[in-house]
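Open the model in your viewer and keep the selection tool at hand. This tour moves from one stop to the next.

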Amino acid sequence: MSPVVSASRLHKRYRGFTAVDDVSFDIDGGRCFGFLGPNGAGKTTTLRMILGMTPMTDGRLSVFGLPMPAEGRAIRARIGVVPQADNLDPDFRVDENLEVHARYFGIPAAEARRRIPALLDFAALSERRGAKTDTLSGGMKRRLTIARALINQPELVMLDEPTTGLDPQARHVIWAKLAELKAKGTTLLLTTHYMEEAERLCDELVIMDRGRILDRGSPRELIGRHVEAEVIEIRGGDDGTFAAFAEARGCRLECQGNSLYCYSRDVAPLIEHLRQRPDVFYLHRPAGLEDVFLRLTGHELRD
Amino acid sequence: MRGDWTIPRPGRGALAVWQRNLRVWRKLLAPAAVMNFGEPTLYLLGLGFGLGAFIGTMSDLSYQTFLASGIIASSAMMTASFEATYSVFTRMGVQRTYDAMLATPLTLDDILAGEVLWCGTKALFSAAAILIVALLIGAVAGPQALFALPVAFLAGLAFAGPALIMSAVATNYDFFNYYFVLAVTPMLILSGVFYPVETLPEVMQSVVHLLPLTHAVALTRPLVAGLPLETPLLHLAVLGAYAGLGFYAAVVLIRRRLLV
Ligand SMILES: Nc1ncnc2c1ncn2[C@@H]1O[C@H](COP(=O)(O)OP(=O)(O)OP(=O)(O)O)[C@@H](O)[C@H]1O
Ligand SMILES: [Mg+2]
């Protein structure tokens, strides 16, 4: 099967500044593909180029096998978009937002009204269908934006930081909805700077920083490839004794902010050592994408 | 110059944008009606009867008829100018409505064509309201006045073009003050709405004949007064040129602003 999105050597330059620098990737159908990267990595710019909302400076892009930008209209007709910043229409009620958006896709009003109840149900907003959008909470707005992105029954849904700014509960609700969508065979493309989100949802992801792709793979592959299995994080650092002890046992150490990260395949002796150090506050956890990111870039994901 | 200078090719999507605006307008019908009927009523009763008592006739028309026909044209200008500046700027910027639209099959050409059509429609609505008020005070000569409505629509398109250019280059709402003070208000005062253009000095007259409102008034007045039109094709051509060239320039500039 040919990929849903195929990008080859994409570049985006703003005057002197390169926002996206030689980025290539293929996204297969029915999967969740992620762009993980910190602020300014070029995630939104890449998404906008896929939609034809930002012209690319250089490179080749095809979506559903159609060339972008030549077939922009036809391509966008088959995509649903959840933008980074909510742009619901404040002049309309919840259900009207869906109706009006359907018109932009040329969906007849009767057909739109037929689709809306199921979408409101999916977004758990049936009760609020008559509410003005500016009376909705952040989480509700996000769910409405997702419902809106589904009005055209898209084959591909692109979500730009779908859960940024939401509380953990609202975030979990969104994750469940996205898993539901994926189970129905919709291809998902999402950007995030939450490694937990990427780990949970993405089958495959690319790690981006400063406009470049640093590596790609499944979360498991990336972790296996770049970091040791387990991490001990010392918050607030230590006086040097632990660092020396760990180093002597062949552990890899990284300093970041006022935390010391110690990566190892066998942490038992280290834990033993720390048990006798009540003054040191430590955290022991399996390695994650955040550690991969730190390894690849030398700086933390959240900045 | 850099930028995408391709001739705009709007499609049916423009109608979806037009419908969206109509739908918002319908929600705000009450305040819109107060505005559309209240203002001209004040003008026609206040100025029309007040000044009319002194003036009697102007250019061989009753002053009410003279003024009503002028205000029909100038309200088309006002309505379209406000819509294509403040309202368009809001949808394009703060409200991010265009961002949402551009992620659908709509193109910028569709969106802006829809906006311009909407400006024309709104101009027609306000002209219709004034025509009704004018009819009630006996300032309308006959059914020929109905043709003032399509003229108001065209005038709406003509004023939408330049106003849209202002939206393309504006950095904030205050910027529009320049446009209204330096372009819209002078037209309102100089283009024959309140008194005939012929009373102006010759030099001024030749400048005033370049302005779209002058031509909108020149078409509207005989239609409302039941008189034969003079050089209608010229007037239509000027309004059409403002609409077409204004739209084209605005599309090029807004492409440069949004599609980056
Ligand atoms: N219109 C523009 N003009 C100039 N520079 C821009 C423009 N849009 C984006 N950039 C720059 O391009 C870079 C990438 O921006 P982009 O929005 O794609 O990042 P991002 O990965 O989505 O970040 P975030 O997590 O903050 O949303 C940033 O440095 C940004 O300042
Ligand atoms: Mg972004």
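The stops below cover a metal site and then several charged pairs.

**Before you start.** This is a predicted model, in which local features need pLDDT of at least 70, side-chain atom pairs count only at pLDDT 80 or more, and totals for chains, interfaces and linings use all residues. Residues are numbered from 1 along each chain as its sequence is written, chains are lettered from A and ligands numbered from 1 in the order in which they are written, and side-chain values use heavy atoms, with hydrogens and water left out.

**Stop 1: the metal.** Select ligand 2, the magnesium ion.

Now trace the chain. Thr44(A) sits in helix α1 (residues 43-51) of chain A. Gln84(A) is in the loop between β6 (79-82) and α3 (94-104) of chain A, 40 residues apart from Thr44(A). Helices (H or I, at least four residues) and strands (E, at least two) are DSSP runs, numbered from the N terminus.

Thr44(A) is partly exposed at 27% relative accessibility, and Gln84(A) is partly exposed at 40%. Buried means under 20% relative accessible area, exposed over 50%, and partly exposed in between (1.4 Å probe, protein chains only).

**Stop 2: across the chains.** Select Asp91(A) and Arg20(B), whose side chains form a salt bridge (3.0 Å, N to O). The pair crosses between chains: Asp91(A) is in the loop between β6 and α3 of chain A, Arg20(B) in helix α1 (residues 13-27) of chain B. A salt bridge is a side-chain nitrogen of Lys or Arg within 4 Å of a carboxyl oxygen of Asp or Glu. Is Arg20(B) buried or exposed? Arg20(B) is buried, at 2% relative accessibility. Asp91(A) is partly exposed, at 23%.

Stop 3: Select Arg93(A) and Asp95(A), which meet in a salt bridge at 3.2 Å, N to O. Arg93(A) is partly exposed at 29%; Asp95(A) is buried at 8%. Both belong to a network of salt bridges, with other members including Glu96(A), Arg113(A) and Arg23(B).

**Stop 4: helix to strand.** Select Arg225(A) and Asp215(A), a salt bridge at 2.7 Å, N to O. Arg225(A) lies in helix α8 (residues 219-226) and Asp215(A) in strand β10 (residues 212-217) of chain A, so the pair ties together parts 10 residues apart in sequence. Arg225(A) is partly exposed at 45%; Asp215(A) is buried at 15%.

**Last look.** Over all chains, the count comes to 35 salt bridges.

Key
Donors = N, O, S within 2.8 Å, 3.2 Å for Na, K, Ca; no water.
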